[in-house]
Amino acid sequence: MTIETALILLESILLLATITLLLYSIKEGRQRSALILQVERSTRTLTRLEYFLTAVEAINDAGEEIVGCITGRKPAGEDIKRVKSFTRAIERAAKRGVSIKYVLPKIQDCLYIGQLYARAGAEIRYGALPVVHSMRYTIVDNFSVILAVPESQDGREMTKKGYNIPSKSLAELLRVTFDECWQEGITFQQYITETLEQTGMSVEKLARELEIKPGELTGLK
């Protein structure tokens, strides 16, 4: 074997080893990225669960009144169970005589949560003011404020985390905003009527789109 042949063979071996290491590095990088993504998802799940627990605890502790502006998005996945626990908390509070009022964005998809909370004992209105679409908060007994933080800066994503802030001053400031949204808003039934008129759908078809029974769209204020 000549020196030239030996060098070519050596270069080939080194090249093969480099390619092998590169492929291994890419695979390891993908696995690392998948692991980081999984950890991130788990963290989002935990913080979102913490938000629901914070909100439910605040409702359970309410003595007189609960008001708030919420997103009202239809739940999916694990959020279905969380919304059920939230609804049960509203039912218990309403039975204690607590006044509960929520303003939701004037979006058709929000009709699902609207009818759900209304049947639990809350008063629901739908508003078109920009603040209804951009702010998420709940005020308990004009003192405790739960501020909700969305996952992205544009404010259109689901709530990521909530902060329970005991502050009468903050509650009073946000109450002014809520009262404005409440006065401007329309009732659940008014929004149903408006939606049916604008879309030309029947009650039955709208109920099917929302995946609820037709009777759940009537008889609510």
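Predicted model: local features only at pLDDT ≥ 70, side-chain atom pairs only at ≥ 80, totals over all residues.
I started at β7, where Thr187 is the bridge partner of Arg125. Helices (H or I, at least four residues) and strands (E, at least two) are DSSP runs, numbered from the N terminus.

Residues are numbered from 1 along each chain as its sequence is written, and side-chain values use heavy atoms, with hydrogens and water left out.

Next I followed strand β3. β3 and β7 (residues 186-187) run antiparallel and are joined by 2 bridges; two strands pair if DSSP finds at least two bridges between them. I then found β3 (residues 123-127) paired with β2 (residues 99-105) in the parallel sense, over 5 bridges. Here Val103 has Arg125 as its bridge partner in β3.

I looked up the helix packing too. α2 (residues 79-95) and α3 (residues 111-120) pack at about 35 degrees, with axes 8 Å apart. Axes are lines fitted to C-alpha atoms, for helices over the stretch in contact, and angles run from 0 to 180 degrees between N-to-C directions. Among the α2 residues that meet α3 are Val83, Phe86 and Ile90; Leu116 and Tyr117 are among their counterparts.

Last stop: Ala93, in helix α2. I list Ala93 as buried because its relative accessible area is 0% (buried means under 20%, with a 1.4 Å probe, protein chains only). Not counting residues up to four places away in sequence, Ala93 touches Ile59, Val98 and Ile100; contact means heavy atoms within 4.5 Å.

Note on methods. Buried < 20%, exposed > 50% of the residue type's maximum accessible area, 1.4 Å probe, protein only.
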